[in-house]
2 protein chains.
Amino acid sequence: MPTAEDLFTKLRDHAAETSYLASASALLQWDQQTGMPSAGETFRADQLAYFSTLIHERTTSPEYGEMIDSLATSDLAKDKFSDEGSTIRVLKREYDRERKIPTAIVAELTRVESLAQQAWVACRKANDFKTFAPHLETIFRLKREVAAAIGYVHHPYDALLDEYEPELTTPEANRLLEGLRDALRPIVQAVVQSPNRAPVEILHRSYPIALQHQFGKHIASQMGFAFHGGRLDTTAHPFCETVGPGDIRLTTRYDEHLFGSGLYSILHEAGHGTYEQGLRSNWYGLPPGSACSLGVHESQSRLWENLVGRSRSFWTWCLPLAKAVFPDALHDVSAEQIFFAVNESKPSLIRVEADEVTYNLHIIIRTELEQELLDERLKVPDLPTAWNERYQKYLGITPTSDANGVLQDVHWSAGLIGYFPTYSLGNIYASCLFAAADKALGGLEAMFARGEFAPLLEWLRKNIHEQGQTRPAATLIENACQAKPTHEPLIEHLRTKYGALYDFA
Amino acid sequence: MPTAEDLFTKLRDHAAETSYLASASALLQWDQQTGMPSAGETFRADQLAYFSTLIHERTTSPEYGEMIDSLATSDLAKDKFSDEGSTIRVLKREYDRERKIPTAIVAELTRVESLAQQAWVACRKANDFKTFAPHLETIFRLKREVAAAIGYVHHPYDALLDEYEPELTTPEANRLLEGLRDALRPIVQAVVQSPNRAPVEILHRSYPIALQHQFGKHIASQMGFAFHGGRLDTTAHPFCETVGPGDIRLTTRYDEHLFGSGLYSILHEAGHGTYEQGLRSNWYGLPPGSACSLGVHESQSRLWENLVGRSRSFWTWCLPLAKAVFPDALHDVSAEQIFFAVNESKPSLIRVEADEVTYNLHIIIRTELEQELLDERLKVPDLPTAWNERYQKYLGITPTSDANGVLQDVHWSAGLIGYFPTYSLGNIYASCLFAAADKALGGLEAMFARGEFAPLLEWLRKNIHEQGQTRPAATLIENACQAKPTHEPLIEHLRTKYGALYDFA
């Protein structure tokens, strides 16, 4: 009879081997998006599918389940927030969840999502929601079955949300998002009614791409992203990929005449990247060395992108550096001007182009609609109308077509139901953390003006990164902030910053 | 009872899965050499070891062996040069070979080679053969055990050579190499005694690296390497890596003041690359879709590098293109001058820097010495003296230290015994193929002068690439050339080219 310690060692070995495969899969995907020759596409797609299957088999096999179950009844599981205890708790939750979903549904979802994504690409191009609708109906029907199989307390959405934001319930998510929504709407209105205009022309001047790359790397590195353990490459849709401990890869895209696009993508991805670099590498591939949730991950990217990178004091420090690299474009620009330019706010139709104020309303619309679709308060054929009405109601604008309305995102066709709220949870968590760090460290903005980001990063390392997935997001944030997460610090931040820029109190 | 066809389908599925793993391992290695962040090193090394083990297990398991054995007695194996028959024949040879080597020896070799390589790096730096000697003794002792376990007809070297050049025997390899050696020595002497000097100063002018990269890609692409199925990157030690069908990656290195180094590395690796691109992708991962042997692989790289890229007519075509890219460096240079410059010949100590005439003598020295070490005619402590004497005898020069003598190559410390001759076999095969293609197509040089490389590539596609590993190298070359391989076409080529450059008949 092996001891619990023996079993735990076996679990660690198993996880190490899984991490070798997962890391290879990550590199294959990174490469696919950054430099793979086009003729390699078909083989790579088959290869990635093989790796998915291989990894899935390793973490759903009965032998693996027995190991987890044995550990779950051992003394090692007693402290459920210890490294060992949280490992067992999280892996058991994941294993039980996976095993509850009938294989037939998993297989059908894979097939249906693949077809739905092809249909989505064509339908978005053709502005044809009607052809896409049956695919969406099938996906929501299957997701209802998944939720029923997994089980839930309050709402079928609980079971889906749990995949991305473990242990968060629908009522708790909605409480946070509805508070945010109601407080955001008057801010959006105040911005719209303001006569002030951001001097965005500055950002459309000529910023040579090679220099943007060099400059972005420098800023990310000053911010604390360690390039001896990472890279920065170019891609169509920016992402951050963890290839292994000590190998965290950022990607961005550049437009010579859109300065903010490349830089803020880099700061966003570097935010994700510093989180990955701050995880404990001795627990790589296991919960104590893994990110807590998608929401917490997004809190790190949004914190560095928006709360640091779009702050007034950041530009106090950064503008002289930027002028040295882009003298022609920036010689006549003041810190106050560029600060306003990168903080322009106005309601728009496309989520991924939305600013810091309006972004969360895009997310909240999607979250509300996907909950209504899931519990059938809303029928798929009525979705475009509901979408457009919600845009009018929350943002005061109506999409001119389904292509720039309900068909704009890949998520639903990819089966990602319950994923959207993690974006806004990230923004909420980011402001909670920033306010707590500001209080603990005293005057972050003054530090930024001197280019000092290390104290903030250290605070995040200790309170967030090094905690890994030892506890659920809400507990992690509460421990870090000594208060439960709420939307208030975010609203406070937006009111202060945008109140000053657009002259409202 | 499954039919042979069923079993063969199972074998193909098995090979496809193995190829997904092998391709991931190839990408991990390519990435390690081209762009991996330094902090990723330790994890990557462990990960690559895991992939090796995983792949090794897949192709040495008893179940796999039973499948191969069943197929070997089926009708599909009857025509041993058919696609199915050669698949079975080659895989059975490989399986049997692997199974004969005791696991304990494999494990000890892995351990010993790892230590030997570390020792080699340090000893080469310190010019300290004495400390390295015990490592080399252990490696040769273990290799003797490997050879004994595998079995051989003529010489223990047969069993080692077979890994790199399947089915070639030691007497046959020696017949080719000794013929070459004896014919080369008077050519080297004639070159040394000639008063003519190549105008190498041309190559040391300024060739900006970004332009070298662009130019090298263009030439490789004109030569027939298809970049929609490949890439070109920079590395410390150039190589060509097959990541998958449709994904063949070349690497090179550049020196602003050494024009030939980058360009000829590219042509060399692109030669390997066109071979990989010409293999039948429907047999990817199996012998009919794999390269025949290391010697044949090297024949393709050397053919494009030396017989095409260092020909007079290549420069007739290429110089105007080069002048357009490097006008400052090349404005006063004639085709005849650059042709001579890239064909400078003189005896030198370092193999990897050797020219087309002297290179094979470096290889022959190593091949002779490793055979003598293996059968204990030569003892390791006497190796440096033997090495230096052989250099004096064949090349007329004596190493000034062991660091630029016997310690210069990584091969022996890496356990690569029997690998060296494949370099010279490649040169021999290349000239046999070139002469046959020239005869079949009529006047290759006139085509090169017009930038026409497609007829030669087509001929190689049909006679070499598409044949894969359906037959052993000697048969493949004999079929292609309608004559058994000999050293004579290579000697004929060198005598003609260097006779003209250095004024001897």
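In the predicted model described here, the contact between the two chains takes 36 residues from chain B and 36 residues from chain A, contact being defined as heavy atoms within 4.5 Å. The area buried between chain B and chain A is about 2,600 Å², with carbon and sulfur atoms giving 65%; buried area is the accessible area (1.4 Å probe) that two parts lose on being put together, summed over both. On the side of chain B, the residues that lose the most area to chain A are B:Tyr20, B:Phe43 and B:Tyr50, which together account for 27% of what that side buries. Of the interface residues of chain B, 100% are also interface residues in chain A, so the copies meet through the same surface.

Within chain B, the axes of helix H10 (residues 259–278) and helix H11 (residues 294–308) come within 7 Å and cross at roughly 135°. Helices are DSSP runs (H or I, at least four residues) numbered from the N terminus, and axes are lines fitted to C-alpha atoms over the stretch in contact, with angles running from 0 to 180 degrees between N-to-C directions. By class, their contact has 5 nonpolar, 7 polar and 4 charged residues.

A second pair in chain B is formed by helix H7 (residues 156–164) and helix H15 (residues 359–374), whose axes come within 9 Å and cross at roughly 130°, which makes H7(B) oblique to H15(B). Here B:Pro156, B:Tyr157 and B:Leu160 of H7(B) meet B:Thr367, B:Glu370, B:Gln371 and B:Leu374 of H15(B).

Residues are numbered from 1 along each chain as its sequence is written, and chains are lettered from A and ligands numbered from 1 in the order in which they are written. Local features need pLDDT of at least 70 and side-chain atom pairs count only at pLDDT 80 or more, whereas totals for chains, interfaces and linings use all residues, and side-chain values use heavy atoms, with hydrogens and water left out.

How values were computed. Helices (H or I, at least four residues) and strands (E, at least two) are DSSP runs, numbered from the N terminus. Ala, Val, Leu, Ile, Met, Phe, Trp, Tyr, Cys and Pro count as nonpolar, Asp, Glu, Lys and Arg as charged, and the others, Gly among them, as polar. Angles under 35 degrees count as roughly parallel, over 145 as roughly antiparallel, 65 to 115 as roughly perpendicular and the rest as oblique.
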